[in-house]
Amino acid sequence: FTLVAGRDDLLAAYVSALSRELERPQQPLELDTLYLGGGTPSHLGPDGLRRLFGLLAPTCRPVAGAEVTVEANPLDVTDRWVAAVKDCGTTRVSLGAQSLDAATLASLDRDHTPTDVRRATDLLLAAGLTVSIDLMTAAPGQTLAAVAADLEAFTALGTQHVSVYCLTWEPGTAFASQRRKGLLQAVPEETERAMFELAIDHLEAAGYEHYEVSNFARPGGRCRHNEAYWDCRPWEAFGPGAARFDGRTRITNHRSTTTWISRVLAGVDASGEIDEMTCEEAARERLVVGLRRRAGVSRQAFAAASGFSVEELAKDALVRWQRAGLAADDGDTVRLTRAGLLVSDSLWAEVL
């Protein structure tokens, strides 16, 4: 998730660098899923998006029935834009909604309104696209009642997928700086927990399956692209901050857009981080991402995929989690309970 704002002057160089990087694979990639995001490709507009897909076409070739996703800001979604994504073979749009409450959107410094979200969603659904929307909880000043109202409004939209994220106060961001100065207050931890439990209850009652810690889908609406990550399947990636994975090694491009552009155009390696895992480290990562899913981890399938048993990697941790009511084990499948899901991020250090 690299970020650069107000630099449309970089677009031409960005496209040139992307074109160069797409030459890296030795042959065209036959893809089950293709995802344009981790930035906001909708900013390119209809014509720019068509050019981008044209650039990708020689290298990235979705197979029949592939899932093709484009991320979008609500304000970018117009009739012409929807027509463009449809013409380019897009099947799914991930819409950065965050909230349908004007005060919450203002606190998150978003430039769209609840009306913009509803208009964009209506256009996308009417075009036959699968739509995923993001709901943010624990925003500055947000109340439990506001989250309840947001959930009612979100389910009324009729989208096939909802992702629910609690606000993270990342060091170095403007939010973190304002919090440090006392200008913003974080939502109390018990309220944050209540917000997430409310989201689970409301979305499940509305017919959404809670299939991963942060993700909910109506039947047939799961994000296949994310499921490929959680299955630890290999993937390719292009662009600043993009991470590719071969099953053992993760290579992440330099996160600075300008540095990535200059390196690629100069013919210099644009990699920023290289994470080479041992077989055991890869297995431990597979266990963690598997436990994030509500279906849990099948011992038999895990051993076949990783070469390790669940007990070899996490026997003591699993015993502790079960005693604390954080995990359940039926002899074949290990899964986190709701209590475990709510504190899952604090558990992974015991496995990794």
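A: In this predicted model, helix H2, spanning residues 45–56, and helix H3, spanning residues 79–87, have axes that come within 8 Å and cross at roughly 10°. Angles under 35 degrees count as roughly parallel, and H2 and H3 are therefore roughly parallel to each other. The crossing in which H2 passes H3 is right-handed. On the H2 side, the contact is formed by Gly45, Pro46, Asp47, Leu49 and Arg50. These residues meet Arg80, Trp81, Ala83, Ala84, Val85 and Asp87 of H3. Sorted by class, the contact of H2 with H3 comprises six nonpolar, one polar and four charged residues.

A further helix pair is H11 and H12, which pack at an angle of about 150° with their axes 10 Å apart. The crossing of H11 and H12 is likewise right-handed. Ala283, Arg286 and Leu287 of H11 make this contact with Phe302, Ala305 and Ser306 of H12. By class, the contact of H11 with H12 has four nonpolar residues, one polar and one charged.

The volume of the second largest pocket is about 300 Å³. Its lining consists of 18 residues, and those that lie nearest the centre of the pocket are Asp231, Gly290, Arg293, Gly296 and Val297. Divided by class, the lining of the second largest pocket has eight nonpolar, four polar and six charged residues.

Notes. Residues are numbered from 1 along each chain as its sequence is written. This is a predicted model: local features need pLDDT of at least 70, side-chain atom pairs count only at pLDDT 80 or more; totals for chains, interfaces and linings use all residues. Side-chain values use heavy atoms; hydrogens and water are left out. On a 1 Å grid over the protein atoms alone, a cavity is a set of points where a 1.4 Å probe fits but cannot get out, and a pocket is an open set with protein on both sides within 12 Å along at least five of seven lines; lining residues have an atom within 4 Å of a point. Grid points are joined across faces, edges and corners, and a volume is the space filled by probe spheres set on the points. Ala, Val, Leu, Ile, Met, Phe, Trp, Tyr, Cys and Pro count as nonpolar, Asp, Glu, Lys and Arg as charged, and the others, Gly among them, as polar. Axes are lines fitted to C-alpha atoms, for helices over the stretch in contact, and angles run from 0 to 180 degrees between N-to-C directions. Helices (H or I, at least four residues) and strands (E, at least two) are DSSP runs, numbered from the N terminus. Angles under 35 degrees count as roughly parallel, over 145 as roughly antiparallel, 65 to 115 as roughly perpendicular and the rest as oblique. A crossing is left-handed if the near helix is turned anticlockwise from the far one by less than a right angle, and right-handed if clockwise. Contact means heavy atoms within 4.5 Å.
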